[in-house]
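Q: I would like to learn how to read salt bridges and domain interfaces in a model. Could we go through one together?

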Amino acid sequence: MAPTGKAGIYRGSVKDFPDFNAQQDAEALYNAMKGFGSDKEAILDLITSRSNRQRVEICQAYKSLYGKDLIADLKYELTGKFERLIVGLMRPPAYHDAKEIKDAIQGAGTDEKCLIEVMASRTNQQMHALMAAYRDAYERELEGDILGDTSGHFKKMLVVLLQGTREEDDVVSEDLVEQDAKDLLDAGEAKWGTDEAQFIYILGHRSKQHLRLVFDEYLKISGKPIEYSIRAELSGDFEKLMLAVVKCIRSTAEYFAERLYKAMQEDTSGEYKKALLKLCGGDDDAAGEFFPEAAQVAYRMWELSAVAVAKVELKGTVRPATDFNADGDAQVLRKAMKGFGTDEDAIIGVVPYRSNEQRQQLIQAYKSHYGRDLLADLKSELSGSLAKVILALMMTPAQYDAKQLKKAMEGAGTDESILIEILATRNNREIQAINEAYAAVYHKSLEDALSSDTSGHFKRILVSLALGNRDEGAEDLTQAHEDAKVVAENLKLADVSSGDTSSLETRFLSILCTRSYPHLRKVFQEFVKMTNHDVEHAIRKRMSGDVRDAFVAIVRSIKNRPAFFADKLYKSMKGLGTDDRTLIRIMVSRSEIDLLNIRREFIDLHETSLHQMIEDTSGDYRKALLAICGGQD
């Protein structure tokens, strides 16, 4: 279902079929399953184009006509994911939920993700219907089964949600909003230990409208979104459940959009794919729709971004070592590389645990003691991915970025993704340092290198970013409105005020590449108000190629830079094989800036930790990455 505007009003992609005749449909399904084999195309075409109410009537007509259970026949005739999808569609929603919950808790293990999804997202009425359906289908009480299969605070919150007693009054008391926000703060961030019962009571009982205002108030008084505090104060399945509850309170539709995205890491195929596409109800790209509630969510996300960036402290995982002794470290490294063989553990025990400034002192101490180049010795003694990690750590951030940019442009092809990642995410000071390092090492300006290796609008974007001339001032509301108009006109979401499209493109590029981050957040909020579209969504739909990727990276960096890097890290490690170049580049370059924030975003976005995914690498390479990662979340 997709929201049409007001909270709670939705429209689905499947509607009542016109001129519906349950008996005719029952006959059609019987004929599709009669004889040798079954007509799967006829089955999926019919069932996916009928509403759930109509499917229930078809089941009843089938029973009356043939004395047989339609769901049982479908299960017999179909197989695999296609069978599970079609059978799921034939059940009333409450009975489908009951079956999913039953499957999640029966057997040796428990599918906590399924429990969390259902329990966090259903309304009071849906909860009541679920309990009744479970009782009818299995002659058992759902609450009793959940009590027997779960434990701790996770169990307590599930039972609270199962009661379906969330307040539904839209009248909100400002005093109670302030009190609840304070109580949540006192129960977590402001307390030694955590009062989980307070989190359970407030998040499990208050109305959605009330809680949205509580979350706003919490952000004001704590300087952090409620999600940050939940991740810091709670743990395990209880933490995941509470985060899901918060997401559903903010927007149930957005929660399910995220769940769908995470569920589809592999392509679908065959009748299963056809059925899913029929249920999906058309191509969103072709329709170009962006529903008003989605626009409201987008606006709120930009608003939250502005507050969070101003108040949430960025933290790296690598900090200066206490009692640092450059001479002592130099001796340890020399001993590790002297003689036959290399003591990789000793090297890993030093390099990732020192700040970059300390590593530069270590290089000097090594030179003074032994008259040797530490980087050259490390390069000679180490190999493979471990060598790349250690050598990257020994370079200054600007030298490392300059080298990555050089490697992205040398050879037969250009790695545009690296150019975009570095230039779209560095601040003015970092860009200026990169320019100096690039010129010093390669005796050529970065601007000249980019100009000779790229072309067109993409070249103009990169060169503009490489100048490091982004404004660093506050927002200008009047100018933000005008800038939003330019963005809307360039993305063809508003009438163009002048016929000079080249001038419009230049202004658009200038806005995204030179305006300050605080100002651009306000621009993008104004853009949502003006067009009912989110700027990232609009850029993805209306641009293409490297230009699109560059602008999307800029927008995502402005919205939430740690989340941008968390997503890139996840993609570097998912599936078969690891993109070690991306993994090393981000781990090293963000280690002293915001890798701790990236770790938190990683869990929130992908329901697993960065530490856990790094565990899938091997040997000394894994040890070095885990040292940079800074421990389990």
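Q: Which residue forms a salt bridge with Lys 247, and how far apart are the closest N and O atoms?

A: Side chains of opposite charge can pair when their charged atoms come close. Here Lys 247 pairs with Asp 604, with 3.4 Å between the closest N and O atoms. The rule for a salt bridge asks for a side-chain nitrogen of Lys or Arg within 4 Å of a carboxyl oxygen of Asp or Glu. This is a predicted model: local features need pLDDT of at least 70, side-chain atom pairs count only at pLDDT 80 or more, and totals for chains, interfaces and linings use all residues. Residues are numbered from 1 along each chain as its sequence is written, and side-chain values use heavy atoms, with hydrogens and water left out.

Q: Which parts does the pair of Lys 247 and Asp 604 tie together?

A: Lys 247 lies in helix 15 (residues 236-263) and Asp 604 in helix 35 (residues 595-606), so the pair joins parts 357 residues apart in sequence. Helices are DSSP runs of H or I, at least four residues, numbered from the N terminus. Lys 247 and Asp 604 are both buried, meaning under 20% relative accessible area; exposed is over 50%, and partly exposed is in between (1.4 Å probe, protein chains only). Arg 231 and Glu 258 join Lys 247 and Asp 604 in a network of salt bridges.

Q: How many salt bridges does the rule count?

A: The count is 39. One of them links Asp 345 and Lys 623, at 3.0 Å from N to O. Asp 345 sits in helix 20 (residues 344-348) and Lys 623 in helix 37 (residues 619-629), so this pair connects parts 278 residues apart in sequence. Asp 345 is partly exposed, at 44% relative accessibility. Lys 623 is also partly exposed, at 40%.

Q: How is the size of an interface given, and what area do domain 2 and domain 4 bury between them?

A: The accessible area lost when the parts come together is often the number given. Domain 2 and domain 4 bury about 2600 Å², 59% of it on carbon and sulfur atoms. Buried area is the accessible area (1.4 Å probe) that two parts lose on being put together, summed over both. In domain 2, Thr 317, Glu 421 and Arg 556 lose the most area to domain 4, together 24% of what that side buries. Domain 2 covers 289-318 + 383-559, and domain 4 covers 561-629; such bounds come from an automatic or database domain assignment.

Q: How many residues of each domain are in contact?

A: 30 residues of domain 2 contact 29 residues of domain 4, where contact means heavy atoms within 4.5 Å.

Q: How many salt bridges cross the interface of domain 2 and domain 4?

A: The rule finds four. Separately, look at two pairs. Arg 556 meets Asp 567 at 3.4 Å, N to O. Arg 585 and Glu 421 have their closest N and O atoms 2.7 Å apart. Arg 585 lies in helix 34 (residues 580-590) and Glu 421 in helix 25, so the pair ties together parts 164 residues apart in sequence. Both Arg 585 and Glu 421 are buried.

Q: Is helix 23 mostly covered or mostly open?

A: Helix 23 is mostly covered, with eight of its eleven residues buried. Among them are Leu 386, Val 389 and Met 394. The buried residues of helix 23 pack against several helices, including helix 24, helix 34 and helix 37.

How values were computed. Helix = DSSP H or I, 4+ residues; strand = E, 2+ residues; numbered from the N terminus.
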